[in-house]
Amino acid sequence: MFEFLFKYPLTVYQKGSVVLQSGWSVWWWALASVVAAGIVGWLLLTKWNNGKRAKALVLWGLQSTMIALVLLLLWQPGISIATLKPQQNIVAVLLDDSKSMGLAEDGTTRRDEMKKTLEAGLADGLGKKFQVRYYKMGTRLERTGDWKGLTGEAPVSRLSEGLAQIAAESGSLPIGALVVMTDGGDTAGGIDRQTLATLRSRRFPVHTVGFGKEKAEKDVALIDVQTPTRALADSRLGVTVSFKQQGYAGQRAKIVVSEEGKTLTAKEVTLAADGTPQTENLLFNAGNAGAKTVQVSIQTLGGETNPGNNALTRLVQVESRKPRILYLEGEPRWEFKFIRRALEEDRSINLVTLLRTTQNKIYRQGISTPNELEGGFPSTLDELFGFEGVIIGNVEAGYFTPTQVELLQQFVDRRGGGLLFLGGRTTLAEGGYGASPLVELMPVNPGERRTTFVRDRATVALTAAGLDSIYARLEEDPAKNVERWKKMPYLADYQNPGTLKAGAVVLAEAVTSKGRLPLWVIQNYGRGRTSVMATSGTWRWQMSQPLEDKSHEVFWQQVSRWLVGATPGRVVAALPRTVFSDEQRIPLRAEVRNRQFLPSTDGTVEARISGPGGVAATVSLQPDPVTPGVYVGEWGAEKPGSYLVEMYATRAGEEVGRDTVSFRREDGVTEAFHTQQDRETLERLSTQTGGKYWTPQNVSKLPEEITYSEAGITTREVKDLWNIPIVFLLLALLRGGEWMLRRKWGAV
Amino acid sequence: MRMKRSLMIALLLGLTLWSALYAQRRFRRGMDWPFQETEDVQPADGDEKTEFAFARLRYPNWRSNDRQWSMRGSWSVDYPKADRQFVQGVRRLSRLHVRSTEQVVDLESDEIFNWPWVYVVEPGHWDLTDAQCKKLREYLLRGGFIMTDDFHGSMEWDIFMLSMKRVFPDREMVDIPDKDPIFHVIYDLDKRFQVPGIVNYPFDQTYEYDGVKDTWRGIYDDKGRLMVGACHNMDLGDAWEWADSPEYPERFASLAYRIGINYIIYSMSH
């Protein structure tokens, strides 16, 4: 209809600019129109001055408009627009050759529909006006003769890379437009800003033709799976699984976490409303040291259109290190014995204890050499930094020398260690911590009251944060965990830890006869973390429950993992993620610290990589110019499979430290996700580059649209506007309208 | 009939003779017996809530045809003076927060699980029921510790073991090596000797019955930690009780205190 009335496509009007071909100024036309309107008005008013002024005014308006329109035609209006010269410009057609184009919908695959669209006239239409080059778009962009050679075997569609490649290769070519025929956006990370900026600067309009349904009819799909990238052996690990569904609302589906086919944990969930994202948390045991490939899947339900998006793989590096925790206890206490026993059963924790048995004697247990800690609590940096965590029992603040206080601050802040304060009759407020510099480290301010420790029973209730924390889990199932905590025996004592500091998180409260008090409080401090456990009475959990019950052991093992699990070594290896889908470039990063745990800038860092099929490589990492102590590098992992990377730092020929990370390379997995047409991305790409989004139904007009591109070899032409149908229609309407009114008003 | 009468006469004569001899023994001791019991006084801080209390096990006695044997020992021997006098020493010599009064526990209720260290005196006269054996086993495996004392000779050992074997049919009672931490946790006690009871006064002999040699035995758990410390052929309880008596030799009292303190601190650290 638009073209019928206006003679030219809308694009002409959008891209072109109006010109007056007569060469006369538009102001003359305006003046002539005003003069004509004045004469007409004078004639009408002198004739119709008998009380019919309103009618005269309407007639004046119609006649004046018509005269102005006729005058405008005398000025010869036209539209100036750049058009591509026929057959002198190239149109690059990028054809998606990835696996997802093989998905069948309504009996036809997307690839077949694309071919049909080309054969139905699009290819001919383009061919008549331009030189057409076809490209297959998959893992890489490849020139192809036509669309018949598409195989649909590419594991990924790298749209962004494809566009960037075209832009780079066409430096001297007259590219008129890019046509992307695909079912979605880039499955390898999205269209980057640089590519978009290049396309815009080159004024390449990108026209996108979308295939596939925008919404699946029946599908359950994982959105994301998050796991820790590293953990200590036997740790309890949390998995956060996000998923959504279409067409199965209210049905039950099972989420399974497995390793090499062996189920680690599972959970049955009820599916929410269509399209609503859901999140579930599952726990499993990390097991032995080594790289663990964890597959998370959600049950494939009957009739699912795309079962390929029901599983994702993640890698967890289960570390073989055995962190050392130093526990200083001020006097013999049952809590000391039973914490020792609980951690003795943990093969991933190395507990060293100092017990002040008498006024003059300290009993050492778990030491590695006979001389270790002979002088009591460490008073040198080397001695203290050899530990990853410190527990301070019933020890008064005044016991520590100023040097030891400073060391403890550096231990947490710089070393990144964990520090835990236990309750007791001569610690926290009673121990003078409220007035000690050590209060700076604590998540609470104990104050200076001296009656905060009470040898009376108290039960434990988890807070909302405690319910969410994996460290407060005695049972893997959240509901069972709540019930388990309710059944725990009472504590032998409790202590008011004082007021909470900003940033402190209470995981558990003591329910006493006088109300609730924070019991287990944690916070991050510098590179490390500190905590207060305001009791010395958890030992009753061990003595008051059957031998088979392991809740006391599990609790303290979890606490110790919180304490030291994230304590870094002198070398910390890092990768941006553990699974690289359809991506071969692996960025490598190592953070290196010296003996004082200050950034080390004069070291040599190498990454030793081993992978599938005997792949082995050594990559030298270079200092990052921005961040001291950080070394970066990159390596290309071509083969899919699991890789191990050991980052090894030396300084002056001596080893500083080493750290191991692992990653997995996989191809074709991402393509199974986001199988619905990503119309939003395609529309955005078109809009931002001056192109247009098309469907197979309206794409036949694309060749005409491309004609008016400003990229490539163009010629500027002026199209007449005097003869467009809408002008004549308007003139007829104005004249006809006046005639009708005169008849009605009897003034003909 | 004649036979019965002869037996009655013989029994009477025997009883008369034994009474005369027993009275003479008591009379002889009474003349120079320095260890006189005094009235118990409740300490002012006896109700204080502390980390540790001296827990004493109340147990049923061995029943035999020999009534004298049956009545000779019981759970309450030296109670409460030994307990209270010992904890005074523990308070003074260690950092342990100790109650000044003792705590009596038994194996009938679950109260014993609140007291992870328990003292058992005269176990050569105990006779635990099956239910009590089961509870004691559970108590020890959860982390409890018992220290046994004041039983002498092979016969009392055998009776002690009759119940212990039912507590731990699968574990051996073994000699504790000198290097074991229990003998070093505070005091180094490589050179131990027999600590006599006051029945041995004036201590020219330190043993009772055939218990000539002091033995230090115990039962370990699967992690190599002692659960039972059996101090056999010695009387540490008497040494604690009469440490304030000039007649009781200081060297015996000192060793008894050190043994007791080491056993407590060991049980609180292993």
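This is a predicted model: local features need pLDDT of at least 70, side-chain atom pairs count only at pLDDT 80 or more; totals for chains, interfaces and linings use all residues.
**Exercise 1. An overview of chain B**

Find how many helices and strands chain B has, and in what order these elements come.

Solution. 
- Step 1: Start by counting; chain B holds seven helices and seven strands.
- Step 2: Look at burial next. Chain B has 270 residues, and 42% of them are buried.
- Step 3: Finally, take the contacts in chain B with a separation of 6 or more; 75% of these join residues 24 or more positions apart.

**Exercise 2. The sheet of chain B**

Work out the strand order of the open sheet in chain B and name its edge strands.

Solution. 
- Step 1: Reading across the sheet, the seven strands are ordered β2-β1-β3-β4-β7-β6-β5, and their pairing is mixed.
- Step 2: Now zoom in on strand β4 (residues 145-149) of chain B. Three bridges link it to β7 (residues 226-232) of chain B, and the two strands run parallel. Across this pairing, B:Met147 faces B:Gly229.
- Step 3: Turn to strand β3 (residues 117-121) of chain B, which pairs with β4(B) over five bridges, again in the parallel sense. In this pairing B:Val120 is opposite B:Thr148.

**Exercise 3. Two faces of one strand**

Decide which residues of β4(B) point one way and which the other, and whether they are buried or exposed.

Solution. 
- Step 1: Recall a rule: in a regular strand, side chains alternate between the two faces of the sheet.
- Step 2: Apply it. B:Phe145, B:Met147 and B:Asp149 point one way, while B:Ile146 and B:Thr148 point the other way.
- Step 3: Check burial, where the cut-off is 20 or more other C-beta atoms within 10 Å. Five of the five residues in β4(B) are buried, so the strand is mostly covered.

**Exercise 4. Over to chain A, and where the chains touch**

Give the strand order of the nine-stranded open sheet in chain A, then describe the contact between the chains.

Solution. 
- Step 1: The order in chain A is β20-β19-β18-β21-β22-β30-β29-β28-β25, with mixed pairing.
- Step 2: At the edges stand β20 (362-365) and β25 (459-462) of chain A; each has a single partner strand, so one side of each lacks a neighbour in the sheet.
- Step 3: β25(A) joins β28 (residues 505-512) of chain A through four bridges, running antiparallel. There A:Leu462 has A:Ala508 as its bridge partner.
- Step 4: Where the chains touch, 21 residues come from chain B and 23 residues from chain A. On the chain B side, helix α4 (residues 130-142) gives the most, with three residues.

Note on methods: Residues are numbered from 1 along each chain as its sequence is written. Chains are lettered from A and ligands numbered from 1 in the order in which they are written. Two residues are in contact if their C-beta atoms, placed from the backbone, lie within 7 Å. Two strands pair if DSSP finds at least two bridges between them. A residue is buried if 20 or more other C-beta atoms lie within 10 Å of its own, exposed if 12 or fewer, and partly exposed in between; C-beta atoms are placed from the backbone.
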